[in-house]
Amino acid sequence: MADFVQQFVGGLGAGAIYASLALALVLIYQFTGIVNFAQGELAMFATYIAWTFIDAGLPFWLALVLTLAISFVGGMLIERVIIRPVEGAPELTLVIVTVGLFIFVNAAAGWIWSFLIKDFPNPFPGGALQAGGVSLAYSTLGVLAVVGGVMGLLYLMFRYTKIGLGMRAVATNPESARLVGIRVGWTLAFGWGLAALVGAVSGVLVAPLLFLEPNMMGGVLIYAFAAATLGGFDSPLGAVVGGLIVGVAETLAGSYVDFIGSDLKIGVPLAIILGVLLLRPQGLFGRAVVERA
Amino acid sequence: MSEPENGPKAEEEQGAVSAAGGDRDFLVVDDLHAGYGAVRVLHGVSLRVGEGEICAILGPNGAGKTTLLRALCGMVRGRGSVRLDGTTLSGRSPDTVARRGVAHVPEGRGTFMPLTVEENLRLGAYARRNRAEVQADLERVYGHFPVLKERVKQAAGSLSGGEQQMLAIGRALMSRPRVLLLDEPSLGLAPMVTRELFGIVRSINQEERTTVVVVEQNAHLALDIAGQAHVLESGRIVLSGSAGEIKADEQVAQSYLGYRI
């Protein structure tokens with residue numbers, strides 16, 4: 001039992017990281033209908049920026065704040081410069097643009113920082129909290145706390161601030177949003193900035209667990225896709241819940257299902273994606289779109 | 001509008017202000033051409049709306065009534081000029097036009113469905129900064145539409161058609177508009193509800209001196225509350241006059257009012 005609880009909490013820790021990247025995906029999808037395949041690479045790039053600051057001697061948390069600020073501005077710039085010209089284009093065009101962005105950012109990181117792996121410091125103390133035979137690593141608890149904090153702040157922003165209300169209006173009905181005087185273009189850019197920031201959190205949290213290298217986020221992106229699909233691509237809450245479920249499912253399947261082990265773990269999110277698309281395409285929290293013929 | 005009006009006053013036409021103090025040339029549309037891509041819909045529409053007036057735009061389906069309103073608020077780009085109180089609106093984006101005091105209630109009402117009634121109304125005041133004034137205007141809108149006050153926390157999508165139309169007009173009022181553009185407010189509503197709605201529009205116009213341009217298929221109702229009226233056909237204005245004159249016109253009567261004299 002204690003072992004199960006331990007695996008479960010470990011799964012939540014991994015799930016929280018997937019959840020933050022899934023949340024970034026969902027934020028952008030809600031506003032623009034674009035699935036941003038480059039989301040993971042933007043997170044990886046941000047993590048390199050954090051690494052550069054830390055390498056230069058800055059304390060971790062200051063480096064994090066600077067990185068998040070840079071990510072936010074970078075996300076806005078990407079929307080203005082790269083996405084704006086193809087706004088409203090067919091889906092295939094948008095997919096190709098974000099895949100192109102994926103390849104570009106990946107190559108740029110390799111060019112700037114090389115493809116050699118780097119050690120990324122863990123901001124949380126080593127060791128673990130012992131409770132009833134279960135040992136919970138401080139780093140796992142720290143990840144959960146950070147992701148929980150980010151979610152909480154986002155919720156408060158959407159629920160209680162004017163810009164949050166404006167963003168929800170744009171996501172619901174952009175044409176009407178324009179008619180009440182909302183600067184829709186800048187709101188979209190703000191949404192991309194926010195998504196880049198949330199994605200950067202996932203990159204910085206996952207880097208100490210893996211090694212920092214340009215392809216670090218490839219696997220995480222697949223888990224995040226599974227999380228967003230499971231929760232519903234139009235539901236931020238769904239992304240978070242989906243991320244946690246995927247994290248737990250993957251960890252439990254890896255430890256309790258013999259033939260999966262650690263090698264086949266990546267199959268779990270793929271099975272989840274396939275299963276959700278077959279059984280409940282709108283996801284757990286998504287709204288089914290019914291159109292009258 | 002809470003933003004200071006920096007409009008170039010010099011542009012204002014001489015002698016435009018009538019003896020009564022209301023500007024006769026408050027909203028001026030000159031030779032407006034507009035359409036969608038290669039499809040031209042408006043072929044040189046010119047009209048004037050006085051300050052504090054209700055102006056009705058009548059006409060058959062496909063005459064370009066909706067396009068005219070869309071061109072006024074910037075949703076459709078066109079050629080020609082649109083000026084409000086001397087400030088040029090043509091060529092500006094809808095969000096900018098909205099911030100200059102034009103509130104457009106689109107066909108289909110433009111409701112933010114999953115948001116609550118109060119959030120919908122607050123969005124109407126998005127460009128305003130003075131919180132106390134916005135709060136006061138919220139109460140003012142509830143005064144006009146008491147039914148909305150009973151549904152403050154309800155999702156707007158759960159309202160009836162009539163309530164959603166009231167919400168849309170309330171949302172427009174929250175911007176303290178100088179001109180209110182109403183596109184087919186009666187669409188899909190029961191006759192009783194429509195009559196109530198037009199009564200409210202008239203009282204808003206009388207109490208707050210808000211200029212109203214209303215596009216309507218239901219010519220009777222529109223002419224009852226309007227001062228001036230224009231008949232639009234195939235993208236051109238074919239008849240203009242006071243609501244009384246238009247009502248008395250035999251051809252209009254036959255075409256739009258559904259009876260023969």
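**A guided look at chains A and B**

Visitor: How many residues does the contact take from chain B and from chain A?
Guide: This is a predicted model, where local features need pLDDT of at least 70, side-chain atom pairs count only at pLDDT 80 or more, and totals for chains, interfaces and linings use all residues. Residues are numbered from 1 along each chain as its sequence is written, with chains lettered from A and ligands numbered from 1 in the order in which they are written. Two residues are in contact if their C-beta atoms, placed from the backbone, lie within 7 Å. The contact takes 15 residues from chain A and 20 residues from chain B.

Visitor: Which elements give two or more residues to the side of chain B that touches chain A?
Guide: Helices (H or I, at least four residues) and strands (E, at least two) are DSSP runs, numbered from the N terminus. On that side of chain B, the elements giving two or more residues are helix 2 (94-99) and helix 3 (117-124) of chain B.

Visitor: Why is helix 9 of chain A said to be largely enclosed?
Guide: The buried residues of helix 9 of chain A pack against helices including helix 1 and helix 10 (236-256) of chain A. One of the buried residues is A:Ala227, which touches A:Tyr18 and A:Val246, among others. Helix 9 of chain A is largely enclosed by the rest of the structure because the buried count is twelve of its 15 residues.

Visitor: How far apart are the end C-alpha atoms of helix 9 of chain A?
Guide: The expected span of a helix is 1.5 Å times one less than its number of residues. For the 15 residues of helix 9 (residues 217-231) of chain A, that should be 21 Å. The model agrees, with the end C-alpha atoms 20 Å apart.

Visitor: What share of chain B counts as buried?
Guide: Chain B has ten helices and ten strands. Of its 261 residues, the buried share is 46%.

Notes
Buried ≥ 20, exposed ≤ 12 C-beta atoms within 10 Å, placed from the backbone. Lists of a residue's contacts leave out its neighbours within four places in sequence.
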